[in-house]
Each structure stands twice: as structure tokens, then as C-alpha cells.
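Please read it alongside the sequence.

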Amino acid sequence: MPSHTPEQTKPGALDGVRVVEVGDRIGEYCGLVLAGLGAEVIKVEPPEGAESRRMGPFVDDVPDPERSLHFWAYNRGKRSVVLDLDTDEGRRGLEDLAAASDVLLDASPVGYLDERGLSSAELRERHPALVVARMTPFGEEGPRRNWKATDLVHLALGGQAMNNGYDPDPSRKYDLPPVASQLEHSYAVAGEQLAFTVIAALISRRRTGSGQHLSCAVHEALAKNTEGDLMSWICLRTPFLRQTCRHSAPDVSVHRSIFATKDGRWILASTRNAKLLGPFLAKYGIGDDVSDGSDEKSKDSRVLPGMEGGAARNMDAVEHTVRRYLFEDVPWREAQEAGLMWVPVRKPHESAYDEHWLQRGTFGNVEHTDLGRSLRYPTSKWIATGTQWVGQSPAPRLDQHRELLRVRPRTLVRAPLTTPDALSAHGKPWALQGVRILDFTWMLASAGATRFLASLGADVIKVEWHKNLDPRRGGNPVGGREARARATEPVPSQWPADLGGPVGAQYNNKNPGKRGISLNVKHPKGLELARRMVAESTVVSEGFSPGVMESWGLGYDELRKIKPDIIYAKQSGMGTKGIYGRFRTIGPVAQAFAGTSEMSGLPDPFPPAGWGYSYLDWYGAYSFALAILSAVYHHDVTGEGQAIDASQSEVGIFMTAVPTLDFQVNGRVWERAGNRSPYSTAAPEGLYRTRGDDRWIAITCRSDDDWVALAKEAGHPEWLEHADFRTGADRHRNREALDRLVTSWTAEHDGFDLMNRLQVIGVAAGVAQTTQDRVENDPQLAALDWLTELDATNFGRWPVAAPSVKMSDTPQYAGGRVGRGAPTYGEHNYEVYEELLGLSRDEVDSLAAEDAI
């Protein structure tokens, strides 16, 4: 295999940081990310090895704890030491490692380390500089803290499943279950959020000398990860509906998004934007059939930039074009060059052979001496000028690095705080004290990132211009919160396009804690103001198409002339470097191109179901926050700034390691498996219908004990004697018959009652929760304070999603330093321009009169 692995010429952003990882697989993704950023991650395993070593797929499909492709994918670049924590020697070994490390990543069961004298409080008392990052399924407190979960159960309880699946039948009845795309996605969503918070804690520690306790519940992290549905219910009492391979929405759209090729593959193609679609399809003799949408009776409830202005019947013209081609021959690149969002719905391994990602170094070759060959892994999520992703070493053999047990304690060098120490609403310091971000981001995948940095205490200044407003301002209920409180049906919504209109539910949840200014960088005086503010900032962030900032004279080369140590961070759909740099995407488009849409859905002949809550929007925001904070940490240590070129698609590609390895090693092409994990032997496993309209429960039996407990709870001990279900192998081989059997029981019962009964007997189960369930009926989320009430100008007081990771010493606050929800257009003009640039109110008014601000 030709090498596309970049030479190690730059350090990892976390070079010099040591992390000890302990516990089960729910923390492995977080450890993988920290290792990829350059930290030395020491994985502590029990004598029998980590659970994930026994997870398939395996090399040649022969179970072997040293040849699990799952373990290889999630433990690349780590070290391994064996410690038996049930012995004094093992406990002393972990204590010694903690003393010699910066971070303890603890994904062990609730109470496990506490019972062994190694609780977070005890370790931090003995080692005050240690950051303890705790990952648990449901949190360390609350009524469900000891519940059992799997990836499937988390995706059901978190709301992902009910946003994802297939269109209802013509009577609007859902005849198919929702789809929870299982491949450790829940642990990645939570792990990404914990990873960037770990870096924030390390930044804080450099100033204070003190570590702290971080706590992330997978359930909480997922429950606020579904984009539009959460605020739509909270503010408008409007539920979202799932639909095939497109975003869930208040109404099921008449606009299909994917189209079959001649050979049975799929292309995702926008059918709107008639001004671009007509001329493009005219090349194929059918451009005259394209409508601008003026003759369409019904309009979609969710229209995004670049997707407006076309009728549903344009689908026929697109379909006539796509179905003439083999998958490999569809002119999607030409469509992109014409400005249309067309992309192939790729299998997860296919990006590993695309020249664009190879040019960007998205994939790296890892040498496996026992195989006598190298394997290609997704190893990078962005390109940076000062640092790079590392970790081209394979996953460790069990106890391969035992010599690390002799590491010595380290001395922390403090960097005194140079700005006054401000306190948050919690009365404690901020983690990102002194960090200022000049924020040109918009929408979600980029703007969401700086939202998290505001919650950590960064001064985030959101820059807008009224001719190109952030379009996610909609969702302002007519009648305000009083109308919502009285409502028993959906509340009508304002979708303002006017200057300074109401903030709106979606915008408010994506931009709380920021200050907002108006600025026309195309005006000479506006550009000069921008340049002066760059000089006062730590980071300049943006989410425009490649080349936009450069066209304004604000590209990285110009910015570092103003401030040599500036951090310039941008995220686009495909990234700037590479042959697709100017291609257009939104979340569902990026998901199709990255391979994650194909990973979700029922087996052929069903089409892919995609990710109906725009998985790569919030997840892209987490990753972009990680990119920015890694650069801030590197700046703190070295004084160096840098430019970051991130892409939304690479965030999804990073999650395709297992099927990509399976293709290379076993020649197996990914096949969708519905709600069964494609590599798991668990049975029964799936989403099963319960009493009520479109109500479902996730159940996973991972062992014989689980199956016995379920059968007895169901009152059907005879199931245990059935020849087809006696052993795990029998149940796995006969899963379809087993699913019918389980459904015959669950369909007669209330899902919440079943969930509670099964959890009592130790079986992992969870209702596929709607947004209403999460907001109004989830006692665990309520106990975790998962929502924060904030005032927003012209909008009122509403809840927004709280940060998912609790921090003991520098607690996060969704309202940020301003203590409020999202800003209205130009709300902080006087304040910001006076504070940063010394302008008087009269000067600001004069600049506004000149159309500079």
C-alpha cells in the first residue's frame, strides 16, 4: 500500500501531557483523541485485558484478544500496562501512575475506584495537580446513576433514535422502527466533549497549579445532541418527525434527498435552487423541467441556505439524471462546481482511497508487524500549521509497556495569570480566563464550538453584518413564554429576517454567552476596526467557505502580520486544502460524503436512513472546539499561534475506523444492520415496539444471564428451553425469530414500565425517548441540571442546554461571562468598541451612519 502518512515534523498539541486511562470501553474514544493530539496515554488493563479486546470484528474472523479490529481502532497510539486493582500491588501501581501523570481518565463503574481507596477526592488530595476526568453512563449522582446501558440504549434514551429512520406511510403512521446507528457513537459524542474540557482544565491548571474533578454522563451528553428538536419542543411545543436520509423536522418533507443509481447505490442531491439546477440539468436535456417552486402548494418547514427556491417535482428531473449512471460515473463533482450540494452516499471505507483526504493527511498508515503490512486508519480531523495529529503506532499488546510503572512524579510549572481573575455565576474562576475570540462563525458546526468556549469563560465576540445574518434565528414563539406555558398544541413561530429581529429558539441555544457586534468588513473603516480587534484577540474563528476571509483581507497571512501569535481557526465542509476545498456541504451532505449516512439504516434493499438529527453539526462543533482549545493550550506552553484548517466531513470520517479496517483485513464491505450492532454477538438486541403510537424500547442482552433474567421477567421461562435460543450462538444465529418473540411481549406493555422492570433486574434497556420525554419526564436529566435558564434580549427567559461536563473548580456556565442568552444583532456595539478600541458612543454612531458598523 503506498504511503500517505505525513512525516512527523511538528509536535502534537498536547506534547508532554501524560494521561492514565482506566475503566471500560466508554472512555476509549476520549483517550484516543487525547493520544492523537500528542498526549502519552497509558491504558491500565485488568489481567484478562480490556473488554474491547474481546469485541469483533477480528482478523480473519478468529476471536483473539490481540487481533480485535475494534480494539485496534480505539486504542491506536496508546500504551498498555496490566494492574489488578483488587490487589494492594495493583492499587499502588495505579497510585504511582496517577502521581506521575497530568490526567486520570476514569471510565470505571460508579464507585469502583472509591471502594479501592482511589476515589477522585482521595487522589486529588494526595496529588493536587491531577485532573480527574470521569466518564459514566448516567452520571455520578441521580436516581439512575447505577442503571445499565449500551450504545443502543444510550442512543434511544438520548433522543437520537426518534430523530432517525424512515418516512411514515401515506397515513403518516410509522410502520418501521426508528434507527439508532450503533458503532460506539454515543461514547464518541460524550468523549469529544470530555476531551475538550480536559484541555480547558489543563489550561486552567497552568495558571493555578491545581487540578480538578470533571464529570461527564453519556446520557446527558447525548440528550442535548439532537439539534433542532430540543428547542423546538421547549419553546414551541413542536415535535420533530423522522424522515428518510434527511433532517428530522416538524413536518415530513415532500423533497427526497437521495436517489438510486443504475447499480443500486445512492447519491444525495439537492433538488432546490432552481437558478443553479436548471442550467446544470440542461446539459443533460432536462433543464426545462425545473421549477422555481412558485407553483408549489406546500412548503417545507426546514429550508437552509442553498436549498431554497425549487419545487418537489424537480426531484423527478434529478432522479432521471442520477438513475442513468453507474455510481462511479455520476457527475456529482460537476454539480458541486455548479454550486449544487450533490455528493455520493459513500460506504465508510471508501474515503480512505479518495485523493482529497489523502492530500490532507486525514488517513495515516500504521505498521502491523504481526500482519507483515500496514493498515490505513483515519488519524486526523484537521490540518494545523504549528501542530499535527500523531499516533501512527498500533494499539498495544496486553501489558506491552510494563516499564512505565517506574515513571517518576513530575513537577508542574505554573504560568501566572496576567489578567484580573473574574468569577463566574457560580462564584468560582473561569477555566479560559483571559482568552478572547473574535468570532465570525455561523450556523451550528462552527458557531456551536465557540458557544462551548464562552461557557468556559472565553470572551466570545460574535461578528455579523445585516446583509448576511446567521440564518438560525427562527423559532420565536408568538406570544412568548406565556403562550408556550398555556399551549396544548404547537405554538406558531416567527421566523424573522429583519434587522435586529427576535433571537429565536435555535439561535439562542447555539450562541448563548457571547457578545454580539455588527461590522461591515467590506467598508474600509469596518476592515480597520476588524484589524484592530484582531490585535486584542487570542483567536479568530470562522465558518465560511474557503477564500471568504482572504477576500476581505483577513486571511491568516494578514492576521499574523497584525498579531504574530494569533490563532486562526476555520471549519468548512471539506476543508480548504485538497481538491474539494470549495465544494459545499451542510450536515446531512457531510454525513453522506463521510460514510456515516450509509452506516445507518435497515439492511438492503432499504435505502440508508442517514442521521436525522444532523449528527455532524453538533459533533462538528465539539470537534472544532477541541481544535481551538488544543491550539490555545499549545499557545500557552510555547507562545506560538497557528492556523487550523478543519472540516466537518473529517469529523465523520474519524468514526469509520472499524469498518475501514474490516474492509482492508477481511475484505468485508459494510452492511447496514438496523438496530443491531453489526459486530456484536448480543441477542436479543434491538428496538422493540411497545404499547402506544410509535413507542419503542431498546433492549440489549449481552450475556446468558441477561437472557435468563429477561425471559423470567417476561413470564416466559419456556423461552429458555427453546432449541433455537439456548446458547448465545443460537440466539445470534436466529435473531429474527428471537426479535419476533420479544416483540410479542413488549408490544403489550408500556415502555417506561418495561424499562424500569428490566433495569431493576440488571438488563440494559431504555425507551426511545421523544423530546417531550427528555424535557418533561426524565428524572436523571433533571438531577443533572441539564438545562440552564437565561435571559435574552427581545426573546425573554428560556432554558438552553447546559455544558455536558461538570467541573469542580472552574464550573462552566451556559451564560458565559455576559450571563445571558444569545445576543441580538449588534447588541454590544457600544460596549465592545469602547472596551477594546476606546471608541465613544458618538464615534460608534458615526461609523454606523457610514455603514461601517
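**Nonpolar cores**

Leu194, Trp342 and Ile699 touch the most other members of the largest nonpolar core, which has 176 residues. A nonpolar core is a set of buried Ala, Val, Leu, Ile, Met, Phe, Trp, Tyr and Cys residues joined through side-chain atoms within 4.5 Å; buried means under 20% relative accessible area, with a 1.4 Å probe and protein chains only. The model is predicted: local features need pLDDT of at least 70, side-chain atom pairs count only at pLDDT 80 or more, and totals for chains, interfaces and linings use all residues. Residues are numbered from 1 along each chain as its sequence is written, and side-chain values use heavy atoms, leaving out hydrogens and water.

- Not counting residues up to four places away in sequence, Leu194 touches Cys30, Leu105, Ala133, Arg134, Met135, Leu214, Cys216 and Val805 (contact: heavy atoms within 4.5 Å).

- Strand β12 (residues 363–368) is largely enclosed by the rest of the structure, because five of its six residues are buried.
- β12 pairs with strand β13 (residues 373–378) in the antiparallel sense over six bridges; pairing requires at least two DSSP bridges between two strands.
- Asn365 has Arg376 in β13 as its bridge partner.
- Four residues lie between the strands of this hairpin, where Gly372 takes a positive phi near 70 degrees.

**Cysteines**

- Zero disulfides are found in a search of the whole structure (a disulfide is a pair of cysteine sulfur atoms within 2.5 Å).
- Cys245 counts as buried at 5% relative accessibility, and Cys701 counts as buried at 1%.

Methods
Buried < 20%, exposed > 50% of the residue type's maximum accessible area, 1.4 Å probe, protein only. Helix = DSSP H or I, 4+ residues; strand = E, 2+ residues; numbered from the N terminus.
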